[in-house]
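Keep the view open as you read.

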Amino acid sequence: MGRDYFEDVEVGETRTFGERDVTRVEILEFAERYDPQPFHTDESAASDSLFGGLIASGWHTAAMTMELLVTNVFADSAATGAVGVDELRWPNPVRPGDVLSVRTEVIDTEPWNEELGLVRSRTTTLASETEVMSMVGLVLYERRER
């Protein structure tokens, strides 16, 4: 599904893909290891939190988003890695039972050096139709024309 080289990526290009189930067990496992806040690790405490129940860590949401990006975009492309992320937001929580999908839109491209080009893409992660994460990824792609 991905583009091969930097020159193949077009500003305005959009894609929607993925279907990733989120489980209670994986929310707890991720949080216990990487983000052990009570609303991620303790269902009783989470019920009394402002979220009203167990939610995934934002970092877990980012990791699941990355899994969908790699599988559906980067694996079949000449992407070489990212140099950063801008505007990372988690406007709504991810809960057990949610099914995640991703929408990307290329917002800018520019040459990086003789071998690579930089692609800025707005990535939006959705649980059903609800936005649960957004970011602008800065990904380097190999250039075909060197």
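**Rings, a helix and a core**

Phe51 is partly exposed, with a relative accessible area of 26%. The model is predicted, so local features need pLDDT of at least 70 and side-chain atom pairs count only at pLDDT 80 or more, while totals for chains, interfaces and linings use all residues. Residues are numbered from 1 along each chain as its sequence is written, and side-chain values use heavy atoms, with hydrogens and water left out.

How many aromatic pairs does a search of the whole structure find? It finds 3. Rings of Phe, Tyr and Trp (its six-membered ring) pair if their centres lie within 6.5 Å; planes under 30 degrees apart are stacked, over 60 edge-to-face, and the rest tilted. One of the pairs is Phe39 with Phe51. Their ring centres are 5.1 Å apart and their planes meet at 55°, so this pair is tilted. Phe39 sits in helix 2 (residues 38-41), and Phe51 in the loop between helix 3 (43-47) and helix 4 (58-72). The pair therefore ties together parts that are 12 residues apart in sequence. Helices (H or I, at least four residues) and strands (E, at least two) are DSSP runs, numbered from the N terminus.

Trp59 and Trp90 also pair, edge-to-face: 5.0 Å centre to centre, with 80° between the planes. Trp59 belongs to helix 4, and Trp90 to the loop between strand 2 (79-89) and strand 3 (99-111), so this contact ties together parts 31 residues apart in sequence. Trp59 is exposed, at 51% relative accessible area. Trp90 counts as partly exposed, at 36%.

Stay with helix 4. At the N-terminal end, Ser57 caps helix 4: a side-chain oxygen lies 3.1 Å from the backbone nitrogen of Trp59. A polar contact is a pair of N or O atoms within 3.5 Å, one able to donate a hydrogen and the other to accept it; residues adjacent in sequence count only if both atoms are side-chain atoms.

Which residues of helix 4 are buried? They are Gly58, His60, Thr61, Ala62, Met64, Thr65, Leu68, Leu69 and Asn72. Their cover includes strand 1 (14-21), helix 1 (24-34), strand 3, strand 4 (116-127) and strand 5 (130-142).

Thr125 is found in strand 4. At 0% relative accessibility, Thr125 is buried. Beyond its neighbours within four places in sequence, Thr125 has contacts (heavy atoms within 4.5 Å) that include Thr65, Leu100 and Val132.

The largest nonpolar core has 26 residues, and Val94, Leu100 and Tyr141 touch the most other members. Such a core is a set of buried Ala, Val, Leu, Ile, Met, Phe, Trp, Tyr and Cys residues joined through side-chain atoms within 4.5 Å. Helix 1, helix 4, strand 3, strand 4 and strand 5 each supply at least two residues of this core. Strand 5 gives the most, with 5 residues. Among the residues in contact with Val94, leaving aside neighbours within four places, are Ile27, Met64, Leu100 and Val132.

How values were computed. Buried < 20%, exposed > 50% of the residue type's maximum accessible area, 1.4 Å probe, protein only.
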